[in-house]
Amino acid sequence: MYGTKADHLIAMQREGICVPPFDVIPFEDIVRDTSYVDAVLRTVGEEDAAALSRALRQAVREQISVHYTPTICCDCVSVRSSCTLEDGAGSSFAGQFETYLRVAKEDIPARIADCVCALYSENVLRYVRERKLPVRALRMHVIVQQMVEAELSGVLFTANPQGILNESVIIVGKGTGDNVVEDRVETTAYYCNRTDDVYYYDGREDLLSEQTVRSLLQTADRIRTLFGTESDVEFCIADNQIRFLQARPITTLPDKAPLVLDNSNIVESYPNLSLPLTVSFVERMYAGVFKSASRRILKNDTQLEKYADVFANMVGHANGRLYYKISNWYTMLHFLPFHKKIIPVWQEMLGVRNKQQDAKPVQLPVTVRMMTYVHAFTEILSAPKNMEWLNQKFEAVYARFRQDFRPEMPPRELLRLTEAIERELLADWDITLMNDTYAFIFTGLLKAHLRRKYPDHEARANRCIAKVSNIESMKPIRAMLRLAAEKDSLPEADYEGRLQGYIELYGDRSPEELKLESETFRTDPDRLRRQIDAYAADPEHLRQMLESHAPAQADLAQEDRVSTYLLKKCKRGIAQREISRLNRSRIFGMCRTVVLAIGETLAAHGCIDDKRDVFYLTYEELYALAERKTPMQQIVSQRKAQYDLFAALPVYSRILFAEKEFDKSHTCVNAHRFRRSQNRLSGTPCSNGVAEGEALVVEDIHKVRSAEGKILIAKMTDPGWVFLLASAKGIACEKGSLLSHSAIISRELKLPAVVGVEGLTETIANGDLVRLDGTAGTIEKIQSCQRREKI
């Protein structure tokens, strides 16, 4: 009609969005006769853009006749262009046309004429030729809008034009828009993740209140819905009112399925930041394990190779954090028979909140598809038995590593030890995925059966699964408590021997144990001594913990026959799952031991300054250094600075990239999360009981010495949290599901627990008095604490 800008303004005004009054003057009302274009083209041609520009601008001026009577009442206006070909899918004309601010009434006709003449600037004509657009189709309508003398002006991008689709960006500066666009004032940029309701700003000054940011984002949602596309929107603020000046589509975003990074479940193993060595190792590990899993189901290498890019990209990383490339997971799950039934169970067990699927189509020949039913049923049903074989194989590999490893070995030989681990263990580690699927399926069937049969199905499901007792993950804490109880009665030599025995068995179990850079009891035995001393310091409480954490016998007699059958299957799958998790920590422990030895060698050769700098390198770089020693201090220094930035960025549960993932780059980051006013939150109940007490909000577990008598509040936990959970009154997490580690350990410890609580760490503050109901799945703030710090 009038071009994107004018049409959008009209639509926004009709929608009730606050737009300053404006008029639109059609091109046909400004230019009397358009035949001049053909005449000039015949005479001048299109090859010489400069000559064509001069001729067309002179010709159009001769045809301009502005008879404009304003309908807006103001002394000063802005005059804006609205070209018919502007902001199209293949032509944006960004920055090519003119906007005039503070135009007096008597100057309006001249500025309208200038807008029309800008249609034939040399740059515009070159752009038209480059995009193969017809010069004859160029039309310039003009917008005359009430001028607003703004206190703040800026641009709101409903999606980050760099290529993050669920991140809105607000760039704002003081004064009117020309100051911002022409960089005459300092600006502050606000980056708002729409999935997690969190934002941060990059700039020296926080110019927008939380209320203003929220209001802008609400309008962004209305504009996205109105136009059905991502837009960039100019706005200004005066007298505490936001006015929207124009909107146009973002033309730089590709029209294709996004790359979805989701931290469901993986965040339990890799919370917070993971250094480059861990990232590179995890990407290799996942690629190999999931390709093996798919081979186990397909048993057809020809079909398997068609999806090689899927297996190579099961995980990704952004801003120093690991994510699932969730679309590729859905693709892999589509190999399974009855995947439409299995995927919802998988989503529930892993705590995937966003259920939208965007998988690569899986097209298998009929015979191959039919055989997947046979292979899948065989592999899944035999998973617990195969797990027993895998556990035995692990013990053999683990014993051989302890025998072969020597810290003074050259880096190349040390890397061969990790290659042997990958070759002998990770090649079959996909059996653990089959076992996970086994556990997920039977847990889902148990919950479905209880849902049909009992009104209190949630609480009954928790009671049933709590009967899966004496799991492997509890053995480290029970052994530690026994050590603490016997510490004073043992001779020093015997005690030290018991300590070394504990380290040999459980020395790799620690918070964030699947990060190679994490300190463990094996790398720092003094941590173990301090933990034991802390338990031993209170003999009465230690006695109570020993009694309460003793393994219980699972009594299945109270359940109906179907529940009993399903529960036995769940018990077998969950028990094997926890064994594999402990063995997985030992695999990473072996690799950590190798890497630290390589770090010692590289530091001795001057390649890095400290042995722990090795974690800022990648596995590929380690292989290169094994062949040729090269100084890496500059790379390490750059990555440390980069990770300092990553540490300041908020943690995102989901990022939608338009294309390939990338890391953020800023000069200054100030994180902020929208405050939540509600005092009662809900999640998934996973361990029955009610606890009331002081909240301990944990962001960095390494800073926590004790959770004695506290209710733990966290984004997620991992197996290493068991030492902290042992003394807590209860736990609530933002992440997790019925089979997440926090849920399993809480049931074993008989602690009330709720997982999957959205907005938990923004609502509950450190020191708040809270009531946790693990049966109903709620956490309620009883009394607020004024302190907002987190540990």
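**Talking through the predicted model**

Modeller: In the largest nonpolar core, which counts 161 residues, Y286, Y502, Y535, L602 and L712 touch the most other members. Helix α24 (residues 561-604) gives the most to this core, with 15 residues. Keep in mind that this is a predicted model.

Colleague: What makes it a nonpolar core?

Modeller: The term asks for buried residues of nonpolar kinds, Tyr and Leu included, joined through side-chain atoms within 4.5 Å. The members named here, Y286, Y502, Y535, L602 and L712, are Tyr and Leu.

Colleague: Which residues is L602 in contact with, beyond its neighbours within four places in sequence?

Modeller: C607, I608, V614, L617, L622, L625 and K629. Each counts because contact means heavy atoms within 4.5 Å.

Colleague: And what lies apart from that core?

Modeller: Another core, of 40 residues, including I30, A59, C115 and L119.

Colleague: Let's take S65. Why is it called buried?

Modeller: Its relative accessible area is 17%, and buried means under 20%, so S65 is called buried. S65 lies in the loop between α4 (49-63) and β2. Not counting residues up to four places away in sequence, S65 touches D29, I30 and R32.

Colleague: Now the sheet with β2 in it. What is the strand order?

Modeller: Four strands, β1-β4-β2-β3, form an open sheet, and the pairing is antiparallel.

Colleague: What makes β1 and β3 the edge strands?

Modeller: β1 (22-25) and β3 (99-104) each pair on one side only. From one strand to the next, the twist averages 25°.

Colleague: How do you know that β1 and β4 pair?

Modeller: Pairing needs at least two bridges, and 4 bridges join β1 to β4 (residues 140-146). Therefore they count as paired, by that cut-off. In this antiparallel pair, I25 stands opposite V142.

Colleague: Which helices pack on the sheet?

Modeller: Helix α1 (residues 4-15) touches β1, β2 (76-83) and β4, and its direction makes about 120° with that of β2. Helix α5 (residues 108-117) touches β1, β2, β3 and β4, and its direction makes about 140° with that of β4.

Colleague: On to β23. What makes β16 its partner?

Modeller: β16 (residues 680-682) and β23 (residues 778-783) share 3 bridges in the antiparallel sense, and the cut-off is at least two, so they pair. L681 has I779 as its bridge partner in β23.

Colleague: How many bridges does β22 make with β23?

Modeller: β22 (residues 769-773) and β23 pair antiparallel over 5 bridges, with V770 opposite K781. The two strands form a hairpin with 4 residues between them. In its turn, G777 has a positive phi of about 80°.

Colleague: Why do you put the buried residues of α16 on the same side?

Modeller: The buried residues are A383, P384, M387, L390, N391, F394, V397, Y398 and F401. They cover an arc of only 135° around the axis, which puts them on the same side of α16.

Colleague: Finally, how many helices and strands are in the protein?

Modeller: There are 29 helices and 23 strands. Of the 791 residues, 58% are buried. Along its principal axes, the C-alpha trace spans about 105 × 60 × 60 Å.

Conventions
Residues are numbered from 1 along each chain as its sequence is written. This is a predicted model: local features need pLDDT of at least 70, side-chain atom pairs count only at pLDDT 80 or more; totals for chains, interfaces and linings use all residues. Side-chain values use heavy atoms; hydrogens and water are left out. Axes are lines fitted to C-alpha atoms, for helices over the stretch in contact, and angles run from 0 to 180 degrees between N-to-C directions. Buried means under 20% relative accessible area, exposed over 50%, partly exposed in between (1.4 Å probe, protein chains only). The arc is that of the directions from the helix axis to the C-beta atoms.
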